Amino acid sequence: KEQILRSSGFLSKERKTLGRIVSVLIIFLSSALALIFKIHTGDTKRLWYTTISLSFLLMAGIVYLWHMNLGDDPGEREKNLELADPAITAKVMADIAESIETFSESKAVEIPIGAFLRSIEFSGGDRTTVAGYMWHKNPNATVSAPKVEEIAHGFTLPDAQEIDIREVYRREEGGLTTVGSNFSALIRQRFDFTKYPFDRDDIRVRVWPSEFSDAVFLSPDLDAYASTDPETLPGLDQEMVLEGWDVSRSFFSYRSSEYNTNFGISNFKSTADSLELYFNVSLRRSFITPLLSNFIPIGVVALLLFAVLATTSTDAGITQRFGFTTAAILGLSAGLFFVVIIAHINLRDDLATQGVIYLESFYFVLYGAILVIALNSLLVTSSVQFQVVRFRDNLVPKLLYWPIIMLISFVVTLFAFT
């Protein structure tokens, strides 16, 4: 099994290494900025230059991590053998047939399977409806295998909750009977939204032979396609449109499964480590729309919070000019909190997913910022002299606002994408 299946370990280690390099580079450049702007002098203008430069540096690190994630292949995240090259596929089929004949002491029966998907529709949550054509090639009886016709040929889709298969044609050619069927299946499959809106997923159509036999195995009918290069999207209607997603690849593959049952057949034995045939469609989310629709309100709220912080002052003249009062800031903070929480709830409702997703981290950062701004206004007007807010008219919180927000966002992005 380990000889013909690939692991994603190398790519995962590579991403972690790049993440560490970016982190070290940011630390180095941050130190360089402190020296360049001579922050030890305490000059307010130099401190602001350093703060702004550091914030943009962290933002650039976040954008780089986004870009790095766009190159990630979800098909490599689990053990998988792509069957795209005809020569390699033929070698794999020969090895499987040899393994079956050695293991079960009977002649292996290979049933080539092909697929052409006309439509893919997300039915909400973890359910997907796929429709199109599938065909299988049944080997005819020969002198060396006279009992081959006794095997129940065909296929089934074990992951389908609802399925409709209708035979539409049958042809005999080259010792094979090709049976083509029109099918529609509702498949339940868990999607990973943790990296939303930079998530990528595979729609996987698992195919089993109708016959539960040690001797029968399915293979991809690669000869039926003009090109088997996954990037040319073999087996997909070129006019297919998936709203909110870009189709990046399509391919057959084998995946290894282990079952702790013989399915009620006393003499049934698992062969070739239960390699199962899948037809995969790799999807990459069109991230521009969700990114803008979520980050524009997030950015506006963050800017408004900074404007509130910038007008917070211990100077009576400035306070009177901007109308600063603790009650006014608390009221504005409450209003912004409701804006953020409504946007957050809408995000959760749209995705209908469990667990925490990457984009939510920015909402959590805003919740924290709102609380800190409200607390800062209370400290400024408090009768107790807090040096952190009295120093240069609340300068420290103003200087730290953007670097802390960007640093938290960078750390969350680093852990999410590496």
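Q: What makes the charged end of Arg-255 count as sitting over the ring of Tyr-278?
A: In this predicted model, the charged end of Arg-255 is 5.4 Å from the centre of the Tyr-278 ring. The cut-off for an Arg is CZ within 6 Å of the ring centre and within 35 degrees of the ring normal, so the pair gets the label of a charge over a ring.

Q: How many aromatic pairs does a search of the whole structure find?
A: It finds 21 aromatic pairs. Here's one of them: Trp-48 with Phe-306.

Q: Why is the pair of Trp-48 and Phe-306 called edge-to-face?
A: The planes of Trp-48 and Phe-306 are 85° apart, and anything over 60 counts as edge-to-face. The centres are 6.4 Å apart, and the limit for pairing is within 6.5 Å, so Trp-48 and Phe-306 qualify as a pair too.

Q: What makes this a link between distant parts of the chain?
A: Trp-48 belongs to helix α2 and Phe-306 to helix α4 (residues 288-311), and the two are 258 residues apart.

Q: Is Trp-48 buried, partly exposed or exposed, and how do you know?
A: Its relative accessible area is 25%. Buried means under 20% and exposed means over 50%, so Trp-48 lands in between, as partly exposed.

Q: Why is the pair of Tyr-225 and Phe-252 called tilted?
A: Their planes make an angle of 55°. Stacked needs under 30 degrees and edge-to-face needs over 60, so this pair goes down as tilted. Centre to centre, the rings are 6.3 Å apart.

Q: Where do Tyr-225 and Phe-252 sit, and are they buried or exposed?
A: Tyr-225 is in the loop between β8 and β9, while Phe-252 is in strand β9, 27 residues apart. Both Tyr-225 and Phe-252 are buried.

Q: What makes Leu-233 count as buried?
A: Its relative accessibility is 18%, and the cut-off for buried is under 20%, so Leu-233 passes. You'll find Leu-233 in the loop between β8 (216-220) and β9 (245-256).

Q: What is the phi of Leu-233, and why point it out?
A: Leu-233 has a positive phi of about 60° and isn't a glycine. That gets a mention because most residues other than glycine have a negative phi.

Q: Which label does Lys-38 get for accessibility, and why?
A: Lys-38 comes out at 41% relative accessible area.

Terms used. Residues numbered from 1 in each chain as written. Predicted model: local features only at pLDDT ≥ 70, side-chain atom pairs only at ≥ 80, totals over all residues. Heavy atoms only, no water. Buried < 20%, exposed > 50% of the residue type's maximum accessible area, 1.4 Å probe, protein only. Helix = DSSP H or I, 4+ residues; strand = E, 2+ residues; numbered from the N terminus. Phe/Tyr/Trp six-rings, centres within 6.5 Å; stacked < 30°, edge-to-face > 60°.
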